[in-house]
Amino acid sequence: MSGVEELPAWIALTVSVLLILGGVVIVTGALGLMRLPNFYQRIHGPAITITLGAGCVLIASMIYFSVLQSRPVIHEILISAFILLTAPVVAMLIMRAAVYRDLRGGKSTSGVSSGDVYTTSDKD
Amino acid sequence: MTALLSFAMAFAFACVILAMIFCTVRLLIGPNAQDRVLALDTLWMCAMLLSLVQGIRFGSQVYFEAAILIILIGFVSTVALAKFLIRGEIIE
């Protein structure tokens with residue numbers, strides 16, 4: 001805990017609010033991953049954790065270190081850009097894997113293939 | 001204000017730990033392989049956030065490099081696992 005004492009009050013308040021909001025959002029996303037019943041509903045839970053939770057924590061880290069070191073510390077933008085670039089790619093890859101496995105397994109009534117949007121070959 | 005900041009740091013730390021516990025539960029009970037891969041990806045992300053929160057707590061920049069390494073390795077491993085789930089092999 002080095003140098004917490006000389007922070008201005010409104011900087012400490014901003015960082016605290018961002019950290020608490022980020023923590024609540026992270027726990028909400030992970031709770032959705034654990035509690036939701038279907039895989040195609042479960043994949044929406046970590047999206048909150050990745051975008052809003054990580055965004056709050058990264059902005060809090062940027063503000064905190066910028067004030068603490070009296071110079072702009074913005075290299076958390078690297079992590080932000082990498083997350084924003086790779087999160088859709090990872091989500092699309094896992095979703096495609098799930099759709100392929102469901103279609104190959106003949107589970108035509110689960111998730112995205114329900115309601116005859118995607119039909120399997122053995123149904124035709 | 002210092003007490004509030006200390007409480008916020010401890011609260012964020014506890015929240016990330018709780019999120020990692022939830023992800024571990026899904027990783028253990030997940031019915032299919034894609035659930036486990038999704039839980040593992042979220043676990044990587046939570047590990048990155050844990051490193052960042054610890055960096056804020058201890059006022060050190062060393063945790064930032066650890067966060068970058070964790071998220072890079074997490075992306076590569078998740079892509080490899082998803083590719084393995086689709087094709088059955090990683091490098092064709």
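In helix H3 of chain B, the buried residues are B:Tyr63, B:Ala67, B:Ile70, B:Ile71, B:Gly74, B:Phe75, B:Thr78, B:Leu81, B:Ala82 and B:Leu85. Buried means that 20 or more other C-beta atoms, placed from the backbone, lie within 10 Å of the residue's own. An α-helix has 3.6 residues a turn, so residues three or four places apart point the same way. The buried residues of H3(B) pack against helix H4 (76-104) of chain A, together with H2 of chain B.

This is a predicted model: local features need pLDDT of at least 70, side-chain atom pairs count only at pLDDT 80 or more, and totals for chains, interfaces and linings use all residues. Residues are numbered from 1 along each chain as its sequence is written, while chains are lettered from A and ligands numbered from 1 in the order in which they are written.

H3(B) has 26 residues. From first C-alpha to last it reaches 38 Å, close to the 38 Å expected at 1.5 Å a residue. Just after H3(B), B:Gly88 takes a positive phi of about 90°.

Now look at the two chains together. In contact (C-beta atoms, placed from the backbone, within 7 Å) are 41 residues of chain B and 49 residues of chain A. H1(B) gives the largest share of chain B's side, 15 residues. That side divides into 31 nonpolar, 7 polar and 3 charged residues.

Chain A has its own helix pair. The axes of H1 (residues 9-35) and H3 (residues 45-69) of chain A come within 8 Å and cross at roughly 160°. That makes H1(A) roughly antiparallel to H3(A), a word for angles over 145 degrees.

Technical notes: Axes fitted to C-alpha atoms, helices over the stretch in contact; angles between N-to-C directions. Helix = DSSP H or I, 4+ residues; strand = E, 2+ residues; numbered from the N terminus. Parallel < 35°, antiparallel > 145°, perpendicular 65-115°, else oblique. Contact = placed C-beta atoms within 7 Å. Nonpolar A, V, L, I, M, F, W, Y, C, P; charged D, E, K, R; others polar. Expected span 1.5 Å × (residues − 1). Buried ≥ 20, exposed ≤ 12 C-beta atoms within 10 Å, placed from the backbone.
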